[in-house]
Amino acid sequence: MNFLSLFVFIPLVMIFLLWCSRTRGQLRAVMATGSAALLALSVVLTVMFLQARAAGDTSEMLFRADTVWYEALNIHYSVGVDGVSVAMLLLSSIIVFTGTFASWRMETLAKEYFMWFCLLSIGVFGFFISIDLFTMFMFYEIALIPMYLLIGVWGSGRKEYSAMKLTLMLMGASALLLLGILGIYYGSGATTMNLLELARLHIPVEMQRFFFPLTFVGFGVLGALFPFHTWSPDGHASAPTAVSMLHAGVLMKLGGYGCFRVALYLMPEAAAEQAWIFLILTAIGVVYGALSAIVQKDLKYINAYSSVSHCSLVLFAVLMFNQTALTGAVLQMLSHGLMTALFFALIGMIYGRTHTRSIDEMGGLMKIMPFLAVCYVIAGLANLGLPGLSGFVAEMTVFVGSFAHADLFHRVLTVAACTSIVITAVYILRVVGRLLYGQVHNPAHLKLTDATWDERFAVICLIVAIAGLGLAPLWVSDMVHDSLLPIVEHLTADLL
């Protein structure tokens, strides 16, 4: 078996073992062992990738494997990774691992919950290792399907409405994406769906102009592209804790990853012509998401709209077509994935104790649960871009790369997007002040307990990752540098 296929095989084995489990202890053992194995596998892959690059291996994709899957359409199970894929696999494994411990005390239909959680993980991991368009689309769909049940059954609030809205909007986007993929395949006259081989062909510009927006919007909807983002806040607000972590931390990254891996890389001429339209939409999304977060009173909705802003910033950077901005996009995906997973974990822990997410009904939590309160402050500081944490280096790289464009249009949009930093500081400090300090509004909250060992473990892992990326970002930027060069060369060649 190919090394990369273990990322799909391990969750499959976990599903089987979960199905065979009879006690809660067995369920926990399977999830802890399996998620730890995935995390260890991603760390080993990262080390092997860095060693291969250091040894002078300049292959566009490493650890490749290719097996014919459906010969009639020349569809292959084709896998391989570059620096960006490795970074996304590492992020995914961290979120799956910490999400396991965030769900440690799940009681309602725990076996079924963890089985769907593993199926969602299969889709995510499979998507990031695929280099065949059809296989990538298949894993994309596998990642989306479990969300309906995970929210509809184990969620809270308007969970049925939120699950249906999320599913319908993302399935509509999938239909656009499928049309775009078929257009790329038939429009290029290709006999393969392999991404690397398709990139060497030239799709006629007339066809690119039609299929690029379909592909970009298809992926962009999952990446919270304005104005198609409305499924995201409702979905986040209703999802259980670990699902919110994986949803915002990893699943939404499929959108940004797909936009530059497929849409921009394969259709550079249309991307250069139509980028201004999507730049305006993404800039609006960055500011709109931050402004919407200010007026929210529900903790999950605040973080959900914050995710809309930060994910829009990823797409904004992708459309800048230069090395620095694209590197910033990858760093932003990593940073946002870790930060938002930490936020949703903490919100879930606080809600599990107070049984409310309204900031008007809480206060003085620093006195009652100091560990969770301090961790929430750290998450907030990372979100508003405090130097030394992941948010700072990611956003600075994005804005420096974006401002490198000398024309007025790009610089005005960059300045507009930069205002989100100030807006983010406003809503983060407002929430921290009202939630953690001041008087305790509900006397019953005085009897609440602080985080348990499993909750502390999950939160500390995420904080260490956030601080690690913030203090030592160069190894990530160096790892993705060579992987982004082919995309940049395709785009800049057309612009010149």
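Which residues form a nonpolar patch on the surface? In this predicted model, local features require pLDDT of at least 70 and side-chain atom pairs count only at pLDDT 80 or more, whereas totals for chains, interfaces and linings use all residues. Residues are numbered from 1 along each chain as its sequence is written, and side-chain values use heavy atoms, with hydrogens and water left out.

The nonpolar surface patch is formed by Trp69, Tyr70, Leu73, Leu178, Leu182 and Tyr186, which together have about 600 Å² of accessible area (Shrake-Rupley method, 1.4 Å probe; for residues, only the protein chains shown count as cover). Patch residues have over 30% relative accessible area and no salt bridge, and nonpolar side chains (Val, Leu, Ile, Met, Phe, Trp, Tyr) are joined within 5 Å; a salt bridge is a side-chain nitrogen of Lys or Arg within 4 Å of a carboxyl oxygen of Asp or Glu. Strand E1 (62-70) and helix H6 (159-187) each supply at least two residues of the patch, with H6 giving the most, 3 residues (helices, H or I of at least four residues, and strands, E of at least two, are DSSP runs numbered from the N terminus). Leu73 lies in the loop between E1 and strand E2 (75-81).

Helix H14 (residues 323-354) packs against helix H16 (residues 370-383) at an angle of about 150°, with the axes 10 Å apart (lines fitted to C-alpha atoms over the stretch in contact, with angles from 0 to 180 degrees between N-to-C directions). H14 is therefore roughly antiparallel to H16 (an angle over 145 degrees). The axes of H14 and helix H19 (residues 453-471) come within 10 Å and cross at roughly 155°, which makes H14 roughly antiparallel to H19.

How values were computed
Patch = residues over 30% accessible without salt bridge, like charges linked within 9 Å, V, L, I, M, F, W, Y side chains within 5 Å. Parallel < 35°, antiparallel > 145°, perpendicular 65-115°, else oblique.
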